[in-house]
Amino acid sequence: MNTASRPPVNHLGRDVAALVPPREAVAGMIDMGERDAAIWRLAQPYLQTRANDAHSLYAWGIARALLDVIPDAQEHIVLPAILLHDSGWSTVDEREALESIAPGVDKEVWGHLTIQHEKEGARIAREILTEVGLPAADIDEIAEIIDGHDTRLTALSLNDAVVKDADKLWRVSPHGVATGGPRFGLWPEESLRLNASRADRELFTPEAKAMSRVLVALACVDQSEERANCYVREDDAG
């Protein structure tokens, strides 16, 4: 680590950086391996709409955490699928895409766009994963998961369930709550309530439901009057 980037304040008064364990020794620390980094580089141009690039990265991180506690799910299917699941929104007008995901949406009017993004996402995924060199059987399963990840109300497999859960858990992440407010004209607490209710009823695995409770609880604390009135040292604030 570059010591010049460390905070200027050290209340302890001595350097303890040498006691920080190496990254690989800490459970839960993640970074992209070569395969996912290659997929991400090819996917990113298709995700630069409605903050789908950031959404996909956070959902990928959530999927990584879920895989640690759901060992029967297959990371070589789940992780490529979650990185590419929303690539198809690149084929939909951004304003119309927002209408199609809005609360209370008339699916008879806007539902075809959700289906379009799923099918186009499956097509884009096939192209990208073929270029990356994934096995044909893996590409078929990943494309099948993407084609229906929003509209299909059941999970085809445990892999599909984990992809769906990672996607929906993003809603109660700090980024998801912050995105939902301006997107739909909601206060942060309203965005949290909307996102938490939508996420909870659509989650498949007990591990995802537990993770959702933790994220919602932390968001409630962040938004509370008590947290807003916590004491802040002057040297911490500056």
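Contact, or touching, means heavy atoms within 4.5 Å. This is a predicted model, in which local features need pLDDT of at least 70 and side-chain atom pairs count only at pLDDT 80 or more, while totals for chains, interfaces and linings use all residues. Residues are numbered from 1 along each chain as its sequence is written, and side-chain values use heavy atoms, with hydrogens and water left out.

**Stop 1**

Select Val 78. Which residues does Val 78 touch, not counting residues up to four places away in sequence? They are Ala 63, Leu 67, Ala 73, Asn 159, Val 162 and Val 163.

Buried means under 20% relative accessible area, exposed means over 50%, and partly exposed is in between (1.4 Å probe, protein chains only). Helices here are DSSP runs (H or I, at least four residues), numbered from the N terminus. In soluble globular proteins, nonpolar side chains tend to be buried together.

**Stop 2: helix α8**

Select residues 174-184, which make up α8. The buried residues of this helix are Gly 176, Val 177, Thr 179, Gly 180 and Gly 181. What covers them includes α9 and α10. After α8 comes Gly 185, with a positive phi near 70°.

**Stop 3: the loop between α1 and α2**

Most residues other than glycine have a negative phi. Select Arg 50, which lies in the loop between α1 and α2; its phi is positive, near 50°. Ala 51 is in the loop between α1 and α2, and its phi is positive too, near 60°. Is each residue buried or partly exposed? Arg 50 counts as buried at 12% relative accessibility, whereas Ala 51 is partly exposed at 32%.

**Stop 4: salt bridges**

A salt bridge is a side-chain nitrogen of Lys or Arg within 4 Å of a carboxyl oxygen of Asp or Glu. By this rule there are 14.

- Select Glu 120 and Arg 123: their closest N and O atoms are 2.7 Å apart. Both residues lie in α5, three residues apart, about one turn of the helix.
- Select Asp 140 and Arg 126, whose side chains meet at 2.8 Å, N to O. Asp 140 is in α6 and Arg 126 in α5, so the pair ties together parts that are 14 residues apart in sequence.
- Select Asp 150 and Lys 168, which meet at 3.1 Å, N to O. Asp 150 is in the loop between α6 and α7 and Lys 168 is in α7, 18 residues apart. Asp 150 is partly exposed at 29% relative accessibility, but Lys 168 is buried at 5%.

**Stop 5: the cysteines**

A disulfide is a pair of cysteine sulfur atoms within 2.5 Å. A search of the whole structure finds zero disulfides. Select Cys 220: the nearest cysteine sulfur, that of Cys 230, is 15 Å away. Cys 220 is partly exposed, with a relative accessible area of 41%.

Note on methods:
Helix = DSSP H or I, 4+ residues; strand = E, 2+ residues; numbered from the N terminus.
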